[in-house]
Every structure is written in structure tokens, then in C-alpha cells.
Amino acid sequence: MVKFRVYFNEYNVLMDNAVYLPIVSGQLQAYAQTKIIIKDNFEFMPFIFYRDEPDRILSQYQDPSVAAFSVSMWNSNLSLKVAEMVKEKFPKCLVVFGGYNVPNNSGDYLKEHNFIDITVRGEGEKTFADLLESNLGEQNFEHVLGITYRHKSGEIMENPEQILPKNLDVFPSPYLEGVFDELMTQSKINFQAIVETNRGCPFGCSYCSWGQGGLSKRYRFFSPERVEQIADWTGKSKIGYVFCADSNFGMFKQDFDTAKFFVEAKQKYKFPEKFRVCYSKNAEKNVFKIGKLLHENQMEKSITLSLQTANPIAARNVRRQNIRMDVFNDLQKRYNESGIPTYTELILGLPGETYESFLGGLEKCLQSGIENQLFVYHCQVYPNAEMGSIEYQKKHGIKTVKCPLKEVHAVPRLEGIPDEYEDVVVSTDSMPEQDWKKSSVVSWAMQLFHGLKVGFYPIRYIVDKYNVKYTEFFDYISIPSKTPDFPIINREIIEFWKTADSISNGKARCNVISEFSPIYWEPEEASFLNISHEKKEFYREFLGVLTNFLKERGINFDKSELEEIVKGQEVRMPDYNRDYSGDKKRFAKEVLLWGRKSGRILLDKQLQ
Ligand code: SF4
């Protein structure tokens, strides 16, 4: 008997020959297969799982009955392009879209893209299985919950929400059911895995789509037995990198057991090598315990201490329940004492944030003793987040710009693959565009000098000894007219300003520097690499800038001590000629890609 063919499309980003297994497609298939009627009538074709040219993707289709697309920011336009081509070539094929980048209210989306038949909201397992069953008969989708679809009359219909099961074990695991076995034996790619122990998030931050349209606020769980089996599978299957998609890892006591399952898998099989999670903000004791366990087993480069903003007005505007600052400081201290690197994230562009409050937030984080990374991300707007609504944007005067998406550390997409875009907030009522640009430049300067360690010790020295603020210095160095006599530093700062200008004009943030690796680098990383060509000269200039900064403030400083500190810093900065025999690619990989989050940028050298 000829079966109806189902094609799953979930185009993930290739990073250095590593790619995530298409988890959404696998979950849909694993559940659908539990229904005898589906098993008897449908054939699931090989997953189409990484970004490729549309023609090449289309050539994999043969007489499709259903084409399902899991749509995210990094594959949205490619999915639309392929779907259009599929519909043109196979008009009877049912085209189904779901995922974070498909609007929950998708009436207009369906009108705009008339080659899509159905969109699915939220969790897809039950809905997709119902769709397949309905597609066997009259294609009557009236009773399928959680979808918006094009009725035969041409009208667009929105059905009620899907009913979500309390116990997630009703959904079989694609890993344990062997759904990916064939894919993994046939491919030379290094696969990474996404796992989940629960679904849900009660917080509803305005910039996030969790808790909206078919995604539950209330937590629902997989059993510990299931989680343990999956951990064992990742080890046995030699998965190097596992990402846990739980919204607030550490919030539940059993999360420590989950971490233990993955540690045990590593001890047994040497895999997974890394286990990444997004930590809860309000469970410091459990989080510390988990972080310590993962760090001791070299499974996590560093622990995230999320903040996003230190400004209570901005936090309130985005419904963010932040960690208390005293708890944050205390945790920072404990991690530092235990030798566990941490990193913290701030988001630039949240409504209610001003230039002054943003700098205040940077200062608080730096003063808390962060030794590793303080990342600043530009605020992005997602279609299903509260921030994506016109009302919210109007209320806070939010202006966004559509910029090409160049995913950090990814290989540029091949020619012929459509560009993807991100919506970046470049101004709000409280932060005019010029202040946003200035904040961006200060942030890149901070990440270069502090996070990437280029000026870490001398800056900490002047802060401690002469009682200046970190942000006073970063604000100073971000003004090009302060550094005309220091061409390397001046050039890099001007480059930051140009990048901020470009973003506000709809250009991408990241760039490739081929001699170090054909991947996209963040602005501060690109600057780090540029400086590495002229290290000696750069430190001569840096001493000059520090000297001018202190003099301008009338500070009577110890010149020889400052010189000594700057020299010590220079010695500890890795050098691609001296330390990597001129191998720039290895230098960039080991120092930036591997060293940044794990706090291993600096060499363990002392001045002779
Ligand atoms: S950002 Fe995190 S805490 Fe906030 S709603 Fe999203 S998942 Fe929940």
C-alpha cells in the first residue's frame, strides 16, 4: 500500500560542523507514530534539518502529502521560500507552519502567504497528529484544536486552543524511540541535543513569548525516569553538547537530580561534554549547588546570573521579576570564592531605561565583582511577545529596525539562501536613538576592556585605588575626541560608533574576519582580533589613555605603579605569534570561542 509522505523541515544553523537535532520535528513524529491509523497510512521521510539552498531542499521532495515547517527567527524566510516552491510544484500538498516566528494571530500571515494552509499555535504534538488524521479524509479541520486554517471556502478560520496534557510523559521521546537513529548513523555532522524536563513559565516577561498563545504558564513535567533515560541516551549516543530548554532551571528541587543524571552519563560514557541550562532567578541555593556540580565535572563553562536590567522602572515595564541586588552580589561573591566563572546579561533598549540608568546598571554589575563576562544584548522583538504588539510599542514609544541576522559564531549562509532578519529596538520614549548608540558603544568598550580582559587589571586598579567608577572610564574612552593621539584605540572606538550607526540604519551587527575564522564575530570580538596585530603599540596607547583620564580628573597617581600594572596586563594577554606559532585560527578559537565564557582568556604569566 502506498503511504502518504510527510516531510519535516526544521532548518538549524551549522556551527563548525555541529548542529542541533531537529527536536520539534522528532517530537511531532514520535507522538504521531503512536496512532495506529497514522502509522498505517503515513510514511515519515528523512528530516530536512539544516539550512541549504531552496532548490536543493525542494529536490528532496517526492510526491509529498504533508510538508511541516518549524519556523524560528533563523529560518523564517527560508521556510517561506521552500513552502512556496513546494506548493507550486505539488499543489495538493498540505503546508503546515508552526514555531516561535509564526504569529499566534495568524490571519494576516495566512493572507500574506497564500501557500500556507494551516498554522499551529503552541505545543504541536497532539495538534499535528489530529491534522494528519483529518487529512486522511475530507480534509475537514473544523475539530482540530490549536490551529488557524484556510477553509475550502477561502475563509480563514481560527479554532480554539489545544488542551494540554498535565503529564508530559504521554509524549514519547524522539531520542528514546529511535526517531533520529537513521539520521545519526548516516551523517558526519556532530549533533547537539535539546532536552526538556518541564514546559511552562509563570513569569510572562514582555520581551518573551513564553506563556502566550498555546504555551502554558503553569508548569507540567516529564517524569524523572524519563529524564534519566534521556541523559543516558545522550551519553551513549556521544552527544557532545546538550541544551536544556527548561525556562528556569534550578527552580525545582529535582533539577539537581537532572544535573546529576547528565553528570553520571558523562562519567559513564565521557558524553555529553557540556550541559547548558538557563538558570532560575529566584532559587539561589539550588542554583549554586547545581552550578558547582556541573562546574566540578567540567560540564558548564560558566554560570549565568541573569539580570537584564537593574532599573526598577524598566523591570516593571517588561514585567521582569529580578533577582534582588543583595542576593546577586552575594552569589557573585560565592561563585568567585569557589572559582566558578559567571556571566551576567543586560538588555539594552528596555522601555523605561535611560542612558544614566543603563550606566548605573553596568556599574552595579561590575562593582559586584564580576570577573568573567558581563554581556549586553540589544533588545529584540519577537512576534508573539507582548513587546511585539503595536499597543505596547506605542505605549513606550518603541522604535525598531529590521536588521539582517548574522548569527554570532555561525558560518555565513551560502549564496542563494534567503537572508533572515531580527527586529532591534533602537529607541524608546526614555532613551533617544543617540543615547542608544552611545550606550551600545560604551557596552562594546566595556566588553572589550573588561569581558575580553584587554584592560581588566589596570581598570580595576584605578577603580580600587583612585575611587573612580568603571563606567566613568568606559564613558570617557567611548568619546573619540578623547583619544586623537592614540590611533589604534581611536580607530576601534570609531568602528563601534559606525556599527551603532549601521544598526540603526538596518545593517547587521556581526562581521566576518576571515584570517581568524570564516564565522561571524561580535563587534568587541572583532576589535579584540584587530588589536592582536598591534599588541605592543596598543598597550603603549592604553597607558596614555589611562594617564590622560586620571590627569583630567586631577588625580595624583603613581605613574610607575600604573606602568607596571599595564605591563603585567600586556604579558598576560595571549599573543598569536608568541603563544600560537602564528596560527591565528587556533588563537581565535581557543582564546575567544572557548576562553570567553569559561574565563580562560588570560595567560597564567607574571612579569619577569
Ligand atoms: S524570559 Fe525566561 S522567565 Fe521571562 S517569560 Fe521568558 S522564559 Fe519566563
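User: How many of the 7 residues of strand S16 are buried?

Analyst: In this predicted model, 6 residues of strand S16 (residues 342–348) are buried, so the strand is mostly covered. A residue is buried if 20 or more other C-beta atoms lie within 10 Å of its own, exposed if 12 or fewer, and partly exposed in between, with C-beta atoms placed from the backbone. Strands are DSSP runs (E, at least two residues) and helices are runs of H or I with at least four, both numbered from the N terminus.

User: Before we go on, what are the ground rules for numbering and confidence?

Analyst: Residues are numbered from 1 along each chain as its sequence is written. The model is predicted: local features need pLDDT of at least 70, side-chain atom pairs count only at pLDDT 80 or more, and totals for chains, interfaces and linings use all residues.

User: Which strand pairs with S16 over 6 bridges?

Analyst: That is S17, in the parallel sense; pairing requires at least two DSSP bridges between the strands. Within this pair, Thr 344 stands opposite Leu 374 of S17. Strand S15 (residues 303–304) also runs parallel to S16, joined by 2 bridges, and Ile 303 has Thr 342 as its bridge partner.

User: And what follows S17? Where does Ser 389 lie?

Analyst: Ser 389 is in the loop between strand S17 (373–378) and helix H14 (390–396). Ser 389 has 15 other C-beta atoms within 10 Å, which means that it is partly exposed. Its C-alpha atom is separated by 9.9 Å from that of Ser 206, 183 residues apart along the chain.

User: Switching to the ligand: which residues come nearest?

Analyst: Cys 201, Phe 203, Cys 205, Cys 208 and Ser 247 come nearest, out of 9 residues around the ligand. A residue counts as near if its C-beta atom, placed from the backbone, lies within 6 Å.

User: Now the core. Which residues touch the most other members?

Analyst: In the largest nonpolar core, of 153 residues, they are Ala 67, Ala 68, Val 96 and Ala 445. Such a core is a set of buried Ala, Val, Leu, Ile, Met, Phe, Trp, Tyr and Cys residues joined through C-beta atoms within 7 Å. Helix H15 (residues 433–451) gives the most to this core, with 8 residues.

User: What does Ala 68 touch?

Analyst: Leaving out residues up to four places away in sequence, Ala 68 touches Val 6, Phe 8, Asn 9, Leu 28, Val 96 and Phe 128. Contact here requires C-beta atoms, placed from the backbone, within 7 Å.

How values were computed. Contact = placed C-beta atoms within 7 Å.
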